[in-house]
Amino acid sequence: MNAKYARHLSVLGEEGQKKLSNATVYISRVGGVGGTAANYLARSGVGRLLLAHGGTLDAEYLNRWHLAHESDVGRPCVDVFKEEIARINSSVEVEVLGEHAKSIDDIKAFANEADVIIDAAPMFEERYNNNLLSQMLNIPMISGSMYAQEGYVMSFVPGETPCLSCLYPEKPEFWVDRHVFPALGTGPGIIGCLLANEAISYIAKGELQLKGKMLHYDLTDMDFNKLKIEKDHQCKVCSA
Amino acid sequence: MITVHLPSRMREELDLSSKSVQVEAFQSGSLQELFNCLDKDIPGALPFMCDADGSVRKHIKVFVSDEQVTDNFSNVNLHGHENIRVIQAMAGG
């Protein structure tokens, strides 16, 4: 086994590591949550990352974006991601879509070879597009998000589990842009680690620990709970 | 005694200092009765969760002892020792 992954051996086995190196992961937004996931997936030796993220880097991202540094402010985000991931692990192939997941046609064309979707966008419209993509292409989606000191992670498998729209068919009215959520860096970091771990588990061992479950936390009192979520048989996305 | 865990956004909007509350006036009954008691302790709690017609807002889910509530709140019976979690849809990253 490559020395970079020597400590994976008893956890994933050689076969699991090989599956990782052959896997493609699509990540929708690569910020505090998605960027943390991308970081750990790159370090784990995943074969290919498909990263969808538009815009340039703002200073306010620096409290939670693992892939960004002060000198990157003002640069196109996707350029920063490509450079940083190449520094972390040059074996990882990185493809970028310099736009958010706003068009289902665009992400369908970009992410159709993905083995798993990581949904980490700060806008519900993008998350609902990722959910639709998951259902259309029959690709599992691991979704993680947060607000202030609270957050959750869920794994959705088309045909087997509830989907995002089963659980939350509509967004909260106040969520009008990406500036609405307070965040310390730690919360998005935790979520991103959990997303990466779930993706690695799925790729290497075919196991999703959060299939049909929500892992919810509130760091205010370090309260972590695994909750059972239910399918909505009237869901317009997965039960139509 | 029943403990209700409240979502961060509700705590902000209603200016609450605690993440969870114990509803002392409620001993047993339905989830709707619990939330009616909660709304007396914390005015605005019920409108945060429900529309004017009483239906649960579509970005809110309630869990009783780790199980998602899918039924009408009036049909969910509580015994007085459950943990209730109100969890709002989030998208932050």
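This note goes through the predicted model point by point, from its conventions to its chain contact and selected residues.

1. Conventions. This is a predicted model, in which local features need pLDDT of at least 70 and side-chain atom pairs count only at pLDDT 80 or more, while totals for chains, interfaces and linings use all residues. Residues are numbered from 1 along each chain as its sequence is written, chains are lettered from A and ligands numbered from 1 in the order in which they are written, and side-chain values use heavy atoms, with hydrogens and water left out.

2. Extent of the contact between the chains. Chain B contributes 24 residues and chain A 41 residues to the contact (contact means heavy atoms within 4.5 Å). Between them the two chains bury about 2700 Å², with 56% of it on carbon and sulfur atoms; buried area is the accessible area, taken with a 1.4 Å probe, that two parts lose on being put together, summed over both. On the chain B side, Met90(B), Ala91(B) and Gly93(B) lose the most area to chain A, and together they make up 26% of what that side buries.

3. Polar links across the interface. Between chain B and chain A, 20 residue pairs are in polar contact, both residues being at pLDDT 80 or more. A polar contact is a pair of N or O atoms within 3.5 Å; within protein, one must be able to donate a hydrogen and the other to accept it, and residues adjacent in sequence count only if both atoms are side-chain atoms. The side of chain B that touches chain A draws at least two residues from each of helix 1 (8-13), strand 4 (60-64), strand 5 (67-68) and strand 7 (83-88) of chain B. Helix 1 of chain B gives the largest share of that side, four residues. Helices (H or I, at least four residues) and strands (E, at least two) are DSSP runs, numbered from the N terminus.

4. Salt bridges. Over all chains the structure holds 21 salt bridges, and five are found across the interface of chain B and chain A. The term covers a side-chain nitrogen of Lys or Arg within 4 Å of a carboxyl oxygen of Asp or Glu. Within chain A, Asp119(A) bridges to Arg127(A), with the closest N and O atoms 3.0 Å apart. Asp119(A) is buried because its relative accessible area is 0%, and Arg127(A) is buried at 2%. Buried means under 20% relative accessible area, exposed over 50%, and partly exposed in between (1.4 Å probe, protein chains only).

5. A network in chain A. Salt bridges link Asp58(A), Glu60(A), Arg64(A) and Arg178(A) in a network. One of its pairs is Glu60(A) with Arg64(A), whose closest N and O atoms are 3.2 Å apart. The two partners are placed in separate classes: Glu60(A) has a relative accessible area of 36%, so it is partly exposed, and Arg64(A) has 8%, so it is buried.

6. Aromatic pairs. The search finds 12 aromatic pairs over all chains. Tyr26(A) and Phe110(A) form one that is edge-to-face, at 6.3 Å centre to centre and 80° between the planes. This pair links distant parts of the chain, with Tyr26(A) in strand 1 (residues 24-28) and Phe110(A) in helix 4 (residues 104-111) of chain A, 84 residues apart. Both residues, Tyr26(A) and Phe110(A), are buried. Rings of Phe, Tyr and Trp (its six-membered ring) pair if their centres lie within 6.5 Å; planes under 30 degrees apart count as stacked, over 60 as edge-to-face and the rest as tilted.

7. An aromatic cluster and a charge from chain B. Ring pairs join Phe124(A), Tyr128(A), Tyr147(A), Phe174(A), Trp175(A) and Phe181(A) into a cluster. Over the ring of Phe174(A) sits the charged end of Arg9(B), 3.7 Å from the ring centre. A charge sits over a ring if NZ of Lys or CZ of Arg is within 6 Å of the ring centre and within 35 degrees of the ring normal.

8. Two further residues of chain A. Asn39(A) is placed in helix 2 (residues 32-44) and counts as buried because its relative accessibility is 7%. Neighbours within four places in sequence aside, Asn39(A) is in contact with His66(A), Leu67(A) and Ile88(A). Ile200(A) is in helix 7 (residues 186-205) and is buried, its relative accessible area being 14%.
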